[in-house]
Amino acid sequence: MRDLNGADPRRFGPYRTLAVLREAGTTRSYLARGGDGRTVTVTAAEPRLAAVSVFRSRFRQELAAAARLAGPWAQPVLDSAPDDPVPWFASPFTPSLSLAEAVALTGPLPEPVVRALGAALAETLERTRAAAGGAFQGLGPEVVLLAADGPRISAFGPLGAATAAAEGPGGGLAVTLGYLTPEQVAGHRPGPPADVFVLGTLLAYAATGTNPFDANDAGADPLDADHAGARPVAGDVSGSAARHRAAERIARQEPDLASVPEELRPVLARCLAKDPAQRPEPSVLAAVLAPSGAAAAVSAGRLPARLTAALAEQASAVLGLEAREDRDDREEAVPAVPATPTVPDASPAAATGASPASEAVPAGERDVPPARPTTRRAAGPDRRALLTGVLSGAAGLALGGGVTAWATDDRPRPAATGKPAARKPREPVPGVPPAAMWAYDMPDTLFYGSPALHGDVLLLPGDSLVALDVRTGRELWRRKEPVDNASHPVRVDDELLVVLGVQGLLWRSVKDGARRHKVPYGQLLETGEDMSSTHLVARDGAVVWFKGNVEKAAGAGTRTDGADEKTITLFAYDVVRREPLWRRPLAEHEYVAWALPHRGLLVSSRDAPRPRDAKARKKQPEGLQEFYTLDRASGEEVWARTIDDLTVGSLPTLSGTGTLYAAQDRELRAYELRTGRELWRMRHASPDGRYGEPVLTGDTLYVADNDQVVYALDPVSGRQQWSRKTGFLDGVGSPPSVAVSASGAAVLSLDAVQVTAFAAASGERLWKFQAVGEQDTGGLEPYGLLTVDGICVVRYGRSFYGVPVE
């Protein structure tokens, strides 16, 4: 941290600069204070680059990427102005040192700190990989920060992590990164495995103080490379021998890991494999480095005393600056910064001997609007308390006490029970609410069907049925079914639940999971029949409707061609009286993709019959649906009709008064179900716009679109009450699903990247939640959610989180 000089700006938007925190290749970070008294870090572009249009375009793109990185190990963006004369963004200020500064000050870091650092960065890379699919290229010793409560990434892509940038030929931008990878040397575009290679290099540097490919080439110049691979900049002949030596070492030489702690060598060697396919996935790397999660590793890791002291001096300096500002907040002159420890030259090239790579951005690159973050102050520790806490931690070390910068959690731990315990949730991080109350991974089991809530008991079905206390995440019981894999738990009363399995219906005690009753599917079938692939369709009171593939063996039925007869059949069953009500074989066009109970009826849709007349068939919309109802008691059809040109691409919603809400192409529509009369429709402004599944709660209808906008509508008129963006990228994938908290105070949007909460009354964006690292999703899939009073249970893959919600 240094004083401002005559060339430094005195203000960015509402923030007045106090000092320069650090300088990087393309940006400069300032300590600044807003009109509300909040102290922040403002990261601004170098003025010489601000006039380069392609630089501005890339700056906007990386701001938009900040939403994908939201989590405990990435600096949140509070405010931004990419269109100002000098583009900038603001983040909460936390006393910190860059990895380069830390290694220059104290030398190699202890192994527990390296593990915690690696696990946190790997969790962030996993989140980025899942969200964007491409390479992040935002890691470097200058943008990885070490703070008292854990590490941070302060950049959102290659521009922020660059060691240098300049306008290239034809209006492009040559961006020099801190590290080169073997695939770039070979002339290939870097993919996600390149980030793992760079992370391995960073961790080797953190553990040893040197770059694992450093051959002590004094004065080695950066190696310039564009997206297509490594190639010198035209006309550049200086230092070419050094560049080629650096590239040759990375491409062919094995990394020098002799000084790396022995237990870390195998995993870092895998990260630094020449073949990208041999490098571990970020989630695997995080689990190897910190089996209990990055948060637990951060709690256990002890920063060296010199780093803790440096953080304390930085905190003291900031408190001094704030005190002077408080004495006269109209004074424009900035007080001098109190002295801080001298840190040797810590630039990536000097500190690591790294061989940089550069990335060319084509001229005329399309601008991507940034995700404008909310400026609502997040729940978390008070800033001044945080600064004071850093000082207290340093004092404890100086006096020989047990206080540490990354302190362990000393709360009482539950006694071992032999059952898998919920993972310890992450501690709150300023600007990143909410912290999960608990987290639980489905261990040693496959997951089937849908989880369910039975009061305060969360039921997770699979080849074992697991019951958790929804308030604590504590496992209450598990029941292994060697034959009957659980799929759909259904609540019966305060004591019992029913589970649809492979072989039949099971009644179990909610208290301890003990089996009380079983009805094999054979009791619902005729002689010679067998059933498979059962699926719960709907439930209303004591009645459940489920469908299954019923197969009648050859010779047992009416067929004479010797082939088995297979029919999808819909069953109605009373789970209280434990007796079947009816069964209905479905025609080929009656697949019952959805069904809604309504006033003694079961409502569904099927493919509309094709008109006999050729002209009428040509006019009929493709995929037109016929809505029909079945009598709840008998299964007999009551009525059927088409409604306009509805094809029902997503699950519709039905109100208690009989209003059907359905998304159709670019429109959300409302109809009177009984008559088919249209009540209203809302058309999307974008030609590619699509609405998702509507949700009706009380007097409000909620729906989201594929531009990541959530709408609150009057269900009677369709009038919009509010609309808000989730902060994720526009036009990506399918529309998010929407849920409402048990109290009705919060609306939650769920996509493949995050859960976003809004205030139901105003639409104010409250918070975002993302699972990191531990989940095993088998690919990108949307979040799932169940709500109970005060809690939402978030599912991602086989991981579950109890998140507080209003």
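Strands are DSSP runs of E with at least two residues and helices are DSSP runs of H or I with at least four residues, both numbered from the N terminus. The views show a predicted model, in which local features need pLDDT of at least 70, side-chain atom pairs count only at pLDDT 80 or more, and totals for chains, interfaces and linings use all residues. Residues are numbered from 1 along each chain as its sequence is written, and side-chain values use heavy atoms, with hydrogens and water left out.

**View A. Glutamine 708 in the loop between β37 (700-704) and β38 (709-713).** Although glutamine 708 is not a glycine, its phi is positive, at about 65 degrees. Its relative accessibility is 1%, and it counts as buried (under 20% relative accessible area; exposed is over 50% and partly exposed in between, with a 1.4 Å probe and protein chains only).

**View B. Arginine 578 in the loop between β26 (565-574) and β27 (579-585).** This residue other than glycine also has a positive phi, near 55 degrees. Arginine 578 is partly exposed, its relative accessible area being 39%.

**View C. Glycine 763 in the loop between β42 (755-759) and β43 (765-769).** Glycine 763 is buried, at 0% relative accessible area. Apart from neighbours within four places in sequence, glycine 763 is in contact with Trp722, Arg724 and Phe758 (heavy atoms within 4.5 Å). Valine 710 lies 53 residues from glycine 763 in sequence, with a C-alpha to C-alpha separation of 8.6 Å.

**View D. Buried residues of helix α10 (residues 282-289).** Pro282, Ser283, Leu285, Ala286 and Leu289 are buried in α10. They lie on the same side of α10, because they cover an arc of only 160 degrees around the axis (taken from the directions from the helix axis to the C-beta atoms).
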